Amino acid sequence: MKPARPRSARSRSLAVGMRASGALAMALTLASCSLFGGGGGTGSGAASSGAAAGQPDPSIVAAAPAELRDYYSQQLDWKPCEGSFQCATVKVPLDYSKPDGDRIELAAIKLATHGNKKGTLLVNPGGPGGSGYDFVRDAANTNISEKVRSAYDIVGFDPRGVKRSAPVTCLTDKERDEFRAKTYALDTDAGLDAALADNKAIAAKCVEKTGPVLAHIDTVSAAKDLDILRGVVNDAKLNYLGYSYGTLLGSTYASLFPDNVGRLVLDGAMDPSRSNEELTRDQAAAFDKALHAYVAKCLQSSGCPLTGSTEDGVQQITNAIAAAEANPLPARDGRKVSGSTFVSGLIIPLYNNDNWPILTRALAQALAGDGTGMLQLADFGADREPNGTYSSNSSFAFNAINCLDYPMVSDTAAMRAEDQKLRQVSPTFGYYFAYGGSNCKDWPYKNVRTPAPVEYKGSAPIVVVGTTGDPATPLQWASALRKQLGNASLLTWKGEGHTAYGRSNSCIGNAVDNYLVDGKAPADNTVC
């Protein structure tokens with residue numbers, strides 16, 4: 001099966017855990033970890049002082065829509081968890097058009113500051129489908145600076161539909177293994193028909209196992225949840241740090257709640273105006289560029305299994321993918337590595353150039369006939385543990401959210417035409433990014449969002465961050481988002497990999513820290 005695309009993701013060191021997000025015609029997940037934050041607005045970003053610690057702030061509750069005040073007035077019961085953290089659940093409406101109807105609960109985790117608290121920094125790790133709970137638990141101490149952690153409580157949450165928060169549930173672990181092992185020749189009628197039939201069957205299982213929430217996990221609903229989260233942590237303005245898909249969530253929030261925007265950092269920005277097909281084409285080209293950068297570096301390093309020029313090395317990888325497509329490589333655990341699994345493993349380390357040496361070792365194995373390393377990378381992206389269990393539902397959440405967020409081109413002729421365009425912009429990856437519309441063709445719920453430029457009328461400046469060599473969220477998306485927001489500045493890192501804050505340099509780190517803590521937005525078009 002072909003990966004429709006890895007939409008967006010935040011990657012960390014593989015030694016810690018790396019996530020990216022994506023779909024293999026609803027089968028593959030390339031992990032996703034992104035992080036978002038902001039706060040302060042035109043003021044200091046401080047928490048409201050109108051309530052005792054832990055008590056709902058009357059002024060925040062009074063400012064909420066009347067029909068939602070019960071949600072804004074809930075008192076969170078933070079309890080010790082995960083060692084030095086605190087955990088709580090937050091009630092939100094299942095359907096915002098029926099706030100008196102059913103409720104769902106969002107899982108939240110807090111790393112409390114030991115400094116002079118300015119407020120709360122809410123975090124989203126991207127995806128869609130990434131767990132903010134996991135990000136704060138596993139990476140807040142290393143990805144968010146001491147300066148920021150001394151100023152804010154850091155709160156992560158699993159958005160609706162994700163992991164601990166009314167999760168999208170579709171297949172058993174065994175069924176996930178079986179589905180990921182399937183291959184489909186999507187450029188043939190028989191292959192596409194087979195994939196569509198399997199996707200339809202999986203969609204039915206998602207409906208059966210997930211329930212009504214499946215129709216309400218769109219980004220607009222998640223942004224409304226974000227404002228309830230802001231309210232229940234007693235912040236008058238939203239302080240938010242978000243990576244990747246988290247930037248779409250953040251910009252959506254800014255358009256819905258402009259007066260509640262504090263200090264928002266949108267890192268690895270997505271362009272809200274671009275269609276699913278435009279995003280996919282941009283990503284295919286960006287991953288092709290990242291592959292060339294990796295190969296050029298590999299050829300200068302010892303142990304590189306590639307030879308000749310950069311183009312020669314890329315072609316050797318392309319040939320290896322084609323060979324695995326025709327004759328899947330064996331792995332030591334008895335499973336096979338098809339062309340699509342090979343591509344899944346290849347893409348994961350491109351999210352973070354610190355992981356390129358790991359890719360080099362896996363490629364050397366694969367070119368010697370052993371697919372074990374590439375399979376381990378693909379498993380890592382899919383959140384599959386060595387014992388065969390899956391640690392998240394990110395692949396299913398990713399697909400379910402995107403089917404609600406984007407109208408998909410899913411008729412056969414259009415998908416075939418898109419396939420050809422993708423092969424032109426990325427000879428290595430194009431085919432594997434094609435046929436994304438097949439994921440949503442028989443999805444039970446139609447899209448509720450149409451891509452359009454975001455409108456932001458607030459007075460608080462927003463910081464947008466882009467990376468020149470970002471394969472998942474190309475730099476032109478950050479530039480486009482900055483222009484759409486208007487009251488924003490663009491901060492650019494000249495580097496490789498996905499996102500910048502927490503993995504780049506002191507120029508980026510200091511600019512973001514000074515904005516979040518001191519309210520000093522960097523000059524527009526600052527390049528680090």
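Begin by selecting Leu122, which stands opposite Val155 in β5. The model is a predicted one, in which local features need pLDDT of at least 70 and side-chain atom pairs count only at pLDDT 80 or more, whereas totals for chains, interfaces and linings use all residues. Residues are numbered from 1 along each chain as its sequence is written, and side-chain values use heavy atoms, with hydrogens and water left out.

Now extend the selection to β4 (residues 119-124) and β5 (residues 152-157), which pair in the parallel sense over five bridges; strands are DSSP runs of E of at least two residues, helices runs of H or I of at least four, both numbered from the N terminus, and pairing requires at least two DSSP bridges. Six of the six residues of β4 are buried (under 20% relative accessible area, with exposed over 50% and partly exposed in between, for a 1.4 Å probe and protein chains only).

**On to a helix**

Select α6 (residues 189-210) next, and colour its buried residues, among them Leu192, Leu196, Ile202 and Cys206.

**Last stop**

Finish at Arg503, in the loop between β11 (488-496) and α18 (506-518), where a polar atom of the Arg503 side chain lies 2.9 Å from the backbone oxygen of Glu496.

How values were computed: Polar contact = N/O pair within 3.5 Å; in protein donor to acceptor, adjacent residues only side chain to side chain.
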